[in-house]
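Thanks for passing this one along.

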Amino acid sequence: MTERILTAVILIPLVIFISWVGNLPFFIMIVSITLVAQWEFYEIAQSSVKISPKKGLSLFTGFLILLSTYLRTTRMLLSSQKGIPAFVLTMTIVLILFSHLLSKNIRYFLESFGVSLAGIFMIPWFASYII
């Protein structure tokens, strides 16, 4: 119990300060929290059934979604490059699809692919709206 109180005493002021500073430190905090949550989601999903979501590719996709959102909001992208988040998402989903098709665990293809997509859309996609 004291560990939780100590963690709260340290983390709450740190999170408030990072949120107040904003910009890059806030982005790093959101990316860290999001990727840990996404990793935990895949661990829970993988432990309950015989599925094998593509954790590495899905985490990379989650990071790219958050990065492209950050670059878009900080106006680092030109107006002609505003479609980059959609392009990144499309290309990485195609890559995840092919990696599932070529995997040894083809019996659980739909379940594994579905969990990979659920992890991408439920966690980093929604977290990108915080940025």
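1. Leu-71 is found in helix α3, which covers residues 55–73; helices here are DSSP runs of H or I with at least four residues, strands are runs of E with at least two, and both are numbered from the N terminus. Leu-71 is partly exposed, with a relative accessible area of 24%. On this scale, buried means under 20% relative accessible area, exposed means over 50%, and partly exposed lies in between, using a 1.4 Å probe and protein chains only. Leu-71 and Leu-117 are 46 residues apart along the chain, and their C-alpha atoms are separated by 23 Å.

2. A word on provenance. This is a predicted model, in which local features need pLDDT of at least 70 and side-chain atom pairs count only at pLDDT 80 or more, while totals for chains, interfaces and linings use all residues. Residues are numbered from 1 along each chain as its sequence is written, and side-chain values use heavy atoms, with hydrogens and water left out.

3. Now the overall layout. The chain has six helices and zero strands, giving the pattern α-α-α-α-α-α along the sequence. Its C-alpha atoms fill a box of roughly 50 × 50 × 15 Å, taken along the principal axes. Of the 131 residues, 35% count as buried. Among contacts (heavy atoms within 4.5 Å) with a separation of 6 or more, 71% come from residues 24 or more positions apart.

4. As for charge, the mean positions of the 9 positive and 4 negative charges are 13 Å apart. Lys and Arg count as positive and Asp and Glu as negative, leaving out His and the chain ends; each charge is placed at NZ of Lys, CZ of Arg, CG of Asp or CD of Glu.

5. Which residues make up the largest nonpolar core? There are 12 in all: Tyr-42, Ala-45, Ile-51, Ile-65, Leu-89, Ile-93, Ile-96, Phe-109, Phe-113, Val-115, Leu-117 and Ile-120. A nonpolar core here is a set of buried Ala, Val, Leu, Ile, Met, Phe, Trp, Tyr and Cys residues joined through side-chain atoms within 4.5 Å. The elements giving two or more residues to this core are α2 (23–48), α4 (84–101) and α5 (109–122), and α5 gives the most, with five. A second, separate core has five residues, including Phe-27, Val-31, Leu-66 and Ala-127.

6. Ile-96, found in helix α4, counts as buried at 0% relative accessibility. Leaving aside residues up to four places away in sequence, Ile-96 touches Leu-57, Ser-58, Thr-61, Phe-113, Ser-116 and Ile-120. The C-alpha atoms of Ile-96 and Thr-61, 35 residues apart along the chain, are separated by 9.3 Å. With the same exclusion, Leu-89 touches Thr-61, Ile-65, Ile-120, Phe-121 and Trp-125.

7. Helix α5 has 14 residues and reaches 20 Å from its first C-alpha to its last, close to the 20 Å expected; the expected span is 1.5 Å times one less than the number of residues. Its buried residues include Phe-109, Ser-112, Phe-113 and Gly-119. Is Ser-112 buried or exposed? Ser-112 is buried, with a relative accessible area of 1%, and touches Ile-51, Ser-52, Pro-53 and His-100, not counting residues up to four places away in sequence.

8. Helix α2 has 26 residues and reaches 38 Å, close to the 38 Å expected. Among its buried residues are Phe-26, Phe-27, Met-29, Thr-34 and Gln-38.

9. Helix α1 (residues 2–21) has 20 residues and reaches 29 Å, close to the 28 Å expected. Just after α1, Gly-22 takes a positive phi of about 75 degrees. Thr-2 lies in α1 and is exposed, at 64% relative accessible area; from C-alpha to C-alpha, Thr-2 and Ala-45 are 31 Å apart in space and 43 residues apart in sequence. Thr-7, also in α1, counts as partly exposed at 40% relative accessibility. Thr-7 and Leu-97 are 90 residues apart in sequence and 40 Å apart, C-alpha to C-alpha.
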